[in-house]
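User: I would like to learn how to read the features of a fold step by step. Could you take me through one, giving the general idea before each case?

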Amino acid sequence: MAISLFDMLKIGIGPSSSHTVGPMAAARRFVRGLKKSDLLTNVARIDIQLYGSLGATGKGHGTGPAVLMGLEGHRPDAIDPAILPPRTDEIRTQGELLLNGEHPITFDEKSDLTYHRKETLPYHPNGMMFTAFDEQGGILRQRTYYSVGGGFVVDEKAAGADRIVEDKTPLPYPFKTAAHLLEQCKYSGLTIPEIMMANEQVWRSETEIREGILHIWQVMQECVQNGIRNEGILPGGLKVKRRAATLYASLMEADRQDLISPSLSAMDWVNLYALAVNEENAAGGRMVTAPTNGAAGIIPAVLHYYWNWCPNATEEGVIRFLLTAAAIGILFKENASISGAEVGCQGEVGSACAMAAGGLAAATGATAEQIENAAEIGMEHHLGLTCDPIGGLVQVPCIERNAVGAVKAINAAVMALRGNGEHFVSLDKVIRTMRDTGRDMLDKYKETSRGGLAVNVIEC
């Protein structure tokens, strides 16, 4: 199994990597399969079935529109978020879908797109089935896909091994666990970001890798700026007001006297960065899944903290930060899960906090052992965190949860840097505990909106 940084940190759109980015990619894969098999022009109807968490919260997460865009051939990393709402309305009003952007078919959302709120496919909560029919009603192609978190998609061939990525490219420095990663560093004499850079070069040149990483950083910066600039009410019916613009204006006042402590003023900005990203995500904007959309504000917020508040911050530090964050994310992807529908929010915000903590430690000169310690602290204090979004929307508690997670990540890095890397609980043990806790967690607390805050808060 080989996972790239560019798999862990994907450019996509909101509001959810598992419910929006993944389904769009799956739908595009399905329609491109039709094209490759010379079946596209024979299609008269497409049937879409969404199961488990996709069925339970898919309407609030924008799954239906994402699937339609994927069937029309759009990619999550390339689509203009602004076209999605009007194009979805056109499909609904005109009753016509343009498969792969070239073959028109009749489409009735009420009969051709089904949300199964309580039925789940066998191998993962985020399951979906696509079926293409000809004029006579015969099945031309049928496929089942699973959106397993972070925009990763597997088909039924990978059922039962839903964390497995099909790429089996040999890596110069493979690692399965944090202990193995530390051993690779010890025997090679390389740092964690250097290990990752060497592995990335099996797919791309070093120049391409650096340019790609800096492009990810640019998209993160643009997402923060868009979140600060945009105001109003978030879509979905909860009438949640966007706060980032107001907070930014308040922080820009030079004579502010209402800070809890002037020494903590950086935390106000970290909160702002995280809120801006996650409000932009909730509004369906462009962002980086890091490692998921629900947790997409933590890494950008901590990276902004590094860039704006840490002495001697450089682009090289940004590259080390994201290479290291990706390495830690791979450990979670390989050994547990980054899917809220599978293990609760501990797998999303917890993983992102660990990734950001390790990344910040690496950017500021930590040893491999200190980086592992920082990531462990970040994850340990998110164990048991449930995923219970109110109204099935990535808004409450998700937006504020990212801000809290970002501050935790910074503190985790600070504590690790104050030590020598020795600590009581290993990152591998925390990852294993998160996986086991997720298995024990009741399904109603795993992105179904049938437990926790989702049912205990009165919706008006």
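User: Which strands does H2 lie across, and at about what angle does H2 run to S7?

Analyst: This is a predicted model, in which local features need pLDDT of at least 70 and side-chain atom pairs count only at pLDDT 80 or more, whereas totals for chains, interfaces and linings use all residues. Residues are numbered from 1 along each chain as its sequence is written, and side-chain values use heavy atoms, with hydrogens and water left out. Helices (H or I, at least four residues) and strands (E, at least two) are DSSP runs numbered from the N terminus; axes are lines fitted to C-alpha atoms, for helices over the stretch in contact (heavy atoms within 4.5 Å), and angles run from 0 to 180 degrees between N-to-C directions. Here H2 lies across S2, strand S6 (127-133), strand S7 (139-147) and S8, running at about 155 degrees to S7. Helix H4 (residues 63-71) lies across S2, S5 and S6, at about 145 degrees to S2.

User: What is the strand order of the open sheet of five strands, and which are its edge strands?

Analyst: Two strands pair if DSSP finds at least two bridges between them. The order in this open sheet of five strands is S5-S2-S6-S7-S8, with mixed pairing. Strand S5 (113-115) and strand S8 (153-155) are the edge strands, each pairing on one side only. Direction ignored, neighbouring strands of this sheet are turned by 20 degrees against each other on average.

User: How many residues does the largest nonpolar core have, and which have the most contacts inside it?

Analyst: In soluble globular proteins, nonpolar side chains tend to be buried together. A nonpolar core is a set of buried Ala, Val, Leu, Ile, Met, Phe, Trp, Tyr and Cys residues joined through side-chain atoms within 4.5 Å, where buried means under 20% relative accessible area, exposed over 50% and partly exposed in between (1.4 Å probe, protein chains only). The largest such core in this model has 105 residues, and Leu5, Leu9, Ile299 and Leu322 have the most contacts inside it. Helix H13 (residues 315-335) gives the most to this core, contributing twelve residues. Apart from this core lies another, of 32 residues, including Ile46, Leu84, Ile91 and Leu97. Leaving aside residues up to four places away in sequence, Ile299 touches several residues, among them Leu9, Met220, Phe321, Leu322 and Met355.

User: How many salt bridges does the structure hold, and which parts of the chain does the pair of Lys35 and Glu102 link?

Analyst: A salt bridge is a side-chain nitrogen of Lys or Arg within 4 Å of a carboxyl oxygen of Asp or Glu, and the structure holds 15 of them. In one of these, the closest N and O atoms of Lys35 and Glu102 are 3.0 Å apart. This pair links distant parts of the chain, with Lys35 in helix H2 (residues 17-36) and Glu102 in the loop between strand S3 (96-99) and strand S4 (103-106), 67 residues apart. Lys35 is partly exposed at 39% relative accessible area, and Glu102 is partly exposed at 42%.
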